[in-house]
Amino acid sequence: MTLTRYNIGRMRDVALAILFIIAASLTAEGRGSVAGAREPLRERQAWVAADSITAGYEAWTTLLLDGKLRTDGLPVSPSLRVFMDYGRKLMISVRAPLLGEVGRIEVDTDTVLLVNKMKKVYAKEALSDLPSNIPAGLRDIQCLLLGRVAVGGEGELDRDNFHLADFYPDAGGGWIVVPKEKAQPEGAAYGFVVDADGYLEAFMLTVPGGSDTATILYSYPGDGIDLMVDLKTGKRQTIVDMELDKPRWGASPFDSIKINSKYRKTDINGFLKSF
């Protein structure tokens, strides 16, 4: 996948915005006390910002998304089918031309299941056993897939939880939204860049003092949503593009995958190596 000049420039802007997060996460006195950092909006202004950001958030219970997955190294672009039951279930089916389903991800309130059907390998882990610097709550993941701001442990941003985040004015009338310390994962910091129309432009998670980052850049062609996911761990970088169609609200789930004796269980690292 080739990064465009716009994407490279936008990543640079996001990285600069996240410097505020890093500085704030390392400061005991609070986010606004960092030398050179912008002051967060006051409560009334923050409420207005949160209201503007969430004005387009349609309430939902279940939905279905179809789309495509693109990444360097794959000879074809697999199709995706995503089912979500808000706060209860996430299912992602990965299908390849002529091969049918080749992979599955299923996440519920306390476990994550990863399946490589081609290699007959799977990993099943409790969410609580994942590294503490990963904000891996189910509702948080669902929000990221829909292009919505999430407050760690609280689900999507709303009028009831906006006080758990700091809002900084951004260029063009938008905002940088940074969950406060108690809503941040241990040993990491994350935040969002939102444009003046309330569209999520970027998400970034970084480990202060380290080189590991996760960045998602968003664009909105037609009625769909594109996510360019950039994962950096040490010297390794992986870029994945997800092109998702307009949600079908009120959808029914597809069947959960069946694991039989032909499958070999491994941990998540072993699962990733199976590819």
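Two strands are taken to pair if DSSP finds at least two bridges between them. On that basis, strands β9 (residues 165-169) and β10 form a hairpin with five residues between the strands. The model is predicted.

- Strand β10 covers residues 175-179, and five of its five residues are buried, so the strand is largely enclosed by the rest of the structure.
- In a regular strand the side chains alternate between the two faces of the sheet.
- Strand β9 pairs with β10 in the antiparallel sense, over five bridges.
- One of the residues in this pairing is Pro169, whose bridge partner in β10 is Trp175.
- Gly172, in the hairpin of β9 and β10, takes a positive phi near 80°.
- Strand β11 (residues 189-194) also runs antiparallel to β10, and three bridges join the two.
- In β11, Val194 is the residue that stands opposite Trp175.

**Helix α2**

- Helix α2 comprises twelve residues (43-54), which at 1.5 Å a residue should span 16 Å; the end C-alpha atoms are 16 Å apart, in agreement with that expectation.
- An α-helix has 3.6 residues a turn, so residues three or four places apart point the same way.
- The buried residues of α2 are Ala46, Ala49, Ala50, Ile53 and Thr54.
- These residues cover an arc of only 120° around the axis, which puts them on the same side of α2.
- The elements covering the buried residues of α2 include β9, β10 and β11.

**The nonpolar core**

- The largest nonpolar core has 56 residues, and those with the most contacts inside it are Ile53, Met84, Val149, Phe167, Val177, Phe192 and Leu227.
- Helix α3 (residues 138-146) supplies the largest share of this core, five residues.
- Leaving aside residues up to four places away in sequence, Ile53 touches Val149, Leu157, Phe167, Trp175, Val177, Val194 and Gly198.

**Salt bridges**

- The structure holds eleven salt bridges.
- One of them joins Asp66 and Arg248, with the closest N and O atoms 2.3 Å apart.
- Asp66 belongs to strand β1 (residues 62-71) and Arg248 to strand β16 (residues 248-249), so this pair ties together parts that are 182 residues apart in sequence.
- Asp66, at 18% relative accessibility, counts as buried because the cut-off for burial is under 20%.
- Arg248 counts as partly exposed, at 42% relative accessibility.
- Arg104 forms a salt bridge with Glu101 at 2.7 Å, N to O, and another with Glu106 at 2.6 Å.
- Arg104 and Glu101 are buried, and Glu106 is buried as well.
- A network of salt bridges links Lys89, Glu101, Arg104, Glu106 and Lys117.

**Loop residues with positive phi**

- Most residues other than glycine have a negative phi, and most peptide bonds are trans.
- Leu98 has a positive phi, near 70°, although it is not a glycine.
- Leu98 lies in the loop between β3 (89-96) and β4 (100-108), and at 90% relative accessibility it counts as exposed.
- Lys120, again a residue other than glycine, has a positive phi near 55°.
- Lys120 is located in the loop between β5 (111-116) and β6 (121-126), and its 35% relative accessibility makes it partly exposed.

**Arg148, a buried loop residue**

- Arg148 is found in the loop between α3 and β7 (150-151).
- At 6% relative accessibility, Arg148 counts as buried.
- Beyond residues up to four places away in sequence, Arg148 touches Tyr57, Glu58, Trp60, Cys143, Glu156, Phe192, Leu200 and Trp249.
- Of these, Phe192 is among the residues with the most contacts inside the largest nonpolar core.
- Arg148 and Gly56 are 92 residues apart in sequence, while their C-alpha atoms are 9.7 Å apart in space.

Definitions and conventions
Residues numbered from 1 in each chain as written. Heavy atoms only, no water. Buried < 20%, exposed > 50% of the residue type's maximum accessible area, 1.4 Å probe, protein only. Helix = DSSP H or I, 4+ residues; strand = E, 2+ residues; numbered from the N terminus. Salt bridge = Lys/Arg side-chain N within 4 Å of Asp/Glu carboxyl O. Expected span 1.5 Å × (residues − 1). Arc of directions from axis to C-beta. Contact = heavy atoms within 4.5 Å. Core = buried A, V, L, I, M, F, W, Y, C linked by side-chain atoms within 4.5 Å.
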